[in-house]
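User: I would like to learn how to read the packing and pairing features of a protein model, taking one feature at a time. Could you give the general idea in each case and then show me the example?

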Amino acid sequence: MLDREGFRPNVGIILLNQRNQVFWGKRIRSHSWQFPQGGIDRGETPEQAMYRELHEEVGLMPEHVSIVARTRDWLRYEVPDRFIRRDARGHYKGQKQIWYLLRLVAQDWNLNLRATSHPEFDAWRWHDYWVPLDVVVEFKRGVYEMALTELSRYLPKNDTRNRYLRGGSRHRHDESSEPSSLSGPPPGLELPPGASFDPDPQSGTRSAHIEHK
C-alpha cells in the first residue's frame, strides 16, 4: 500500500525499560541492529499496526506496554534503487513512518523473538537511548535521529546519558547503564526465548540486506 508519492505507511517502535534503555534488536542472520518497525496494512490505524508489529517482532501484548508518546507527523526516508526490487522501481520510493515511544510495564521475560513463524530478530539487548547511528543502515539514519530527538523530550529530565555521534563515530558507553554482564544475562535473569546479550552489537560488518516491510 503506497501513497501518491510512492511512500509506504509504516510504524517504528522505541521500547523503553525502567532504566530508560531501549530495545535494540539484531536482524535475523545479519549484523544489522535496529528498532522494531513494520508496515501499516490497509484498514489499520498506526496504533493498531504498532500493537500488531510489537507482538509479531518481540512477542509483547498491549497490556505489557504503555504508550508514552508518538511523533506528531510522518517521518520519511527514501530507499536507494539498489535496495528496491526491480518490479517496484518507479513506484516504490521509500517509507513514511509514525514512531511510538513505549514503556515496558511487564518483565523482560515476556519478550519473545519467536512469537511468530517469521521472526525479524535473532538477538536483542537493552541499549542506552541515544543509539549509535553508525550501526544503522545509512539511508535510515536521518529518520532515527529525528524520531529519537523528537521523542527524547518525554524522557525524565535528568536522563542525559550518551548522546549518539554522527559521521560514523562510536560513542563512549556509560557502563552504569549496561547489563552487569554483557557476555550473558545479569545474575538471576533468565533470557526470553530467542534472546541473547551480545558483548558488542557494533562489531562486524553491516548487512546490505534490507527488508521492506
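User: In which loop is Glu 120 found?

Analyst: This is a predicted model, in which local features need pLDDT of at least 70 and side-chain atom pairs count only at pLDDT 80 or more, while totals for chains, interfaces and linings use all residues. Residues are numbered from 1 along each chain as its sequence is written, and side-chain values use heavy atoms, with hydrogens and water left out. Helices (H or I, at least four residues) and strands (E, at least two) are DSSP runs numbered from the N terminus, and on that scheme Glu 120 is found in the loop between strand 7 and strand 8 (121-128).

User: Is Glu 120 buried or exposed, and with which side chain does the side chain of Glu 120 make a polar contact?

Analyst: A residue is called buried under 20% relative accessible area, exposed over 50% and partly exposed in between (1.4 Å probe, protein chains only). Glu 120 has a relative accessible area of 10% and is therefore buried. A polar contact is a pair of N or O atoms within 3.5 Å; within protein, one must be able to donate a hydrogen and the other to accept it, and residues adjacent in sequence count only if both atoms are side-chain atoms. The partner here is the side chain of Arg 27, at 3.0 Å. For contrast in exposure, take Arg 42, which has its place in the loop between strand 4 and helix 1 (46-58) and is exposed, with a relative accessible area of 70%.

User: How many aromatic pairs does the structure hold?

Analyst: Rings of Phe, Tyr and Trp (its six-membered ring) pair if their centres lie within 6.5 Å, and planes under 30 degrees apart count as stacked, over 60 as edge-to-face and the rest as tilted. The structure holds nine such pairs. One of them joins Phe 35 and Trp 99 edge-to-face, with 5.9 Å centre to centre and 80 degrees between the planes. Because Phe 35 lies in the loop between strand 3 (33-34) and strand 4 (37-39) and Trp 99 in strand 7 (residues 94-104), the pair ties together parts that are 64 residues apart in sequence. Both Phe 35 and Trp 99 are buried.

User: Over the face of which residue does Lys 96 lie?

Analyst: A charge sits over a ring if NZ of Lys or CZ of Arg is within 6 Å of the ring centre and within 35 degrees of the ring normal. Lys 96 lies over the face of Trp 74, 4.8 Å from the ring centre. The charged end of Arg 76 sits over the ring of Phe 7, at 5.8 Å from its centre.

User: Which residues have the most contacts inside the largest nonpolar core?

Analyst: In soluble globular proteins, nonpolar side chains tend to be buried together. A nonpolar core is a set of buried Ala, Val, Leu, Ile, Met, Phe, Trp, Tyr and Cys residues joined through side-chain atoms within 4.5 Å. The largest one has 30 residues, and those with the most contacts inside it are Ile 14, Trp 24, Phe 35, Trp 99 and Tyr 129. Helix 2 gives the most to this core, with five residues. Apart from this core lies another, of 20 residues, among them Val 11, Ile 98, Phe 121 and Trp 126.

User: Against which strands do the buried residues of helix 2 pack?

Analyst: With contact meaning heavy atoms within 4.5 Å, the buried residues of helix 2 pack against strands including strand 1 (7-16), strand 5 (65-70) and strand 6 (75-78), as well as strand 2, strand 3 and strand 7. Among the buried residues of helix 2 (residues 141-151) are Val 143, Ala 147, Leu 148 and Leu 151.
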